[in-house]
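Good morning, and thank you for the time.

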Amino acid sequence: MASAQEESDRPESGRPESGRQGTGTAVADRPESERPVPRRLNSARGLGDRIFRYQLTATGVAVLAVMAGVGLFLLLRAGQALRARGFAFLTTAEWQPDVHNFGIAAVMTGTVLIALVAVSISMPLAVGTALFITDVAPPRLRRTLVTMVDLMAAVPSVVYGLWGLFFFQQHVIGLSRWLSTWFGWIPLFTVDGAQPGEPLASESVYTASTFVAGIVVALMVAPIQCSVMREVFSQAPAGEREGAYALGATRWGMIRAVVLPYGKGGIIGGTMLGLGRALGETIAVYLIISPVFVIQPHILQTGSNSVSSLIALHYGDASPFGMSALMAAGLTLFLLTLAVNFTASSVVARSRSGAESEA
C-alpha cells in the first residue's frame, strides 16, 4: 500500500504541463548569473561586405552617369538643328542640311527595317542553336560549339560587311528574285522594275537591298543572342526536366514544357539585345547598302539607308550645321535604343527566369 501511494504521488513525466513547469522552475531556481542569456543578432555588415556594396553602387551610378552624359552631349550638340527644323525633323525624308531641308524619316525607316529583318532571321537561328547546345549535343561537341559561337561573336563587323558585299550578295539574289516573283503581291516584297518572266533581266534591282543587309546583320547578332539564351536554358531546373521524362515526355516534349517556358526571359532579353546591336550597326550596313533618301519600304529592292551609315557617310565633310544635324540623328537613334532596352528589361523581369535572377 505504501509503494502504491508513493507511485500515485509521483508527477507523471509524460505530461507536457508538468515537464514545462519543472523546466521553468529549474531555470527560475538558478542564480541570476547562471541563467542563459539570449544571443543577440548582429546585422552589421563586415568591412568586406561594405566595400563590395560601395563598389557595386559606384559602378551602377557610373554607368547611369555615362549614359546621361552621352544623352546630354548629343542633346546639346543637336540643339541648333532641332531648333531649326522642329517636328519636321521626324517627317522629312531628304537630307540637305546646308539648305535646312533634312530629316530622318527615310533613314529611320531603313534602320528599323534592317533591324527587323535581322532579328526575324537571327532569333529562330539563335534559339535552335542554344537548344541544341544545351539539350541535344554530346558534351564534347557541346564544348566545340560553344567555342565556335563565341568566336563568331568576336569577328569584327567590317569582316562581315566585306563578306556580304563580295561573296554573299551574289548568292542571295536568286532568293530575292524568287520571293519577289511569288510573293510580290505583298507590298514588303514588291520590287519596282523587276521582270519576273524574263530570265535575262538585270539583277541589279535586287542588290544592295535591305534584305541583304539584314541577313548579314542577322549573322552578326545571332552569336550574341545564342550566348544569352544558352546560359538561361542551361539553368532550367533539373528536377523539372527529370519529372517531365518520368511522366513519359520525349526530349522535344520536355523542351516545350520545361526549357522554353523557363527560358522565355532569356529569349526576349537575347532578342532585344540583338535588336539593339542591329539598330546601331554601322560598317557592315554601310558597305552593303546603296544609300537613298526616300522612304523605301520594299526590302528586296536596291537602295536603303540607316542612321549609323548616314553618320559614317557624312561625318567627314559636314559643315558645323550639318554636324549638328548628324548629332540630332544620333540622338534619335540613342533614344530608340534606350526605349527598346528598357522595354525588354520590363518584360524579362516579369518572366520566370528573370524573376529568379532578380531574387
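I shall begin with the overall fold, then turn to a helix contact, the aromatic residues and a few individual positions.

This is a predicted model, in which local features need pLDDT of at least 70 and side-chain atom pairs count only at pLDDT 80 or more, while totals for chains, interfaces and linings use all residues. Residues are numbered from 1 along each chain as its sequence is written, and side-chain values use heavy atoms, with hydrogens and water left out.

The secondary structure of the chain comes to 15 helices and two strands. The chain has 359 residues, of which 37% count as buried. Buried means under 20% relative accessible area, exposed means over 50%, and partly exposed lies in between, with a 1.4 Å probe and protein chains only. Contact is taken as heavy atoms within 4.5 Å. Among contacts between residues at least 6 apart in sequence, 73% join residues at least 24 apart.

Let me turn to the helix contact. Helix 5, residues 105-136, packs against helix 10, residues 251-262, at an angle of about 110°, with the axes 12 Å apart. The two helices are therefore roughly perpendicular. Here the axes are lines fitted to C-alpha atoms over the stretch in contact, and angles run from 0 to 180 degrees between N-to-C directions. Angles of 65 to 115 degrees count as roughly perpendicular, under 35 as roughly parallel, over 145 as roughly antiparallel, and the rest as oblique. Helix 5 contributes L131, D135 and V136, and helix 10 contributes R251, M254, I255, V259 and L260.

Next, the aromatic residues. Rings of Phe, Tyr and Trp, the last by its six-membered ring, pair if their centres lie within 6.5 Å; planes under 30 degrees apart count as stacked, over 60 as edge-to-face, and the rest as tilted. How many aromatic pairs does this rule give? The count comes to seven. One of them joins W163 and F167, a tilted pair at 6.2 Å centre to centre, with 35° between the planes. Both residues lie in helix 7, residues 157-183, four residues apart, about one turn of the helix. W163 is partly exposed at 31% relative accessibility, and F167 is partly exposed at 44%. W163 also pairs with F168, and this pair is stacked, at 5.0 Å centre to centre and 25° between the planes. F168 is buried, with a relative accessible area of 16%.

Elsewhere, F89, W95, F102 and F321 form one aromatic cluster. The charged end of R85 sits over the ring of F102, 5.8 Å from its centre. That description requires NZ of Lys or CZ of Arg within 6 Å of the ring centre and within 35 degrees of the ring normal.

Finally, some individual positions. H100, in the loop between strand 1 (95-96) and strand 2 (101-102), has a positive phi near 60° although the residue is not glycine. H100 is partly exposed at 41%. A208, in the loop between helix 7 and helix 8 (210-234), likewise has a positive phi, near 50°. Is A208 buried or exposed? At 11% relative accessibility, A208 counts as buried.
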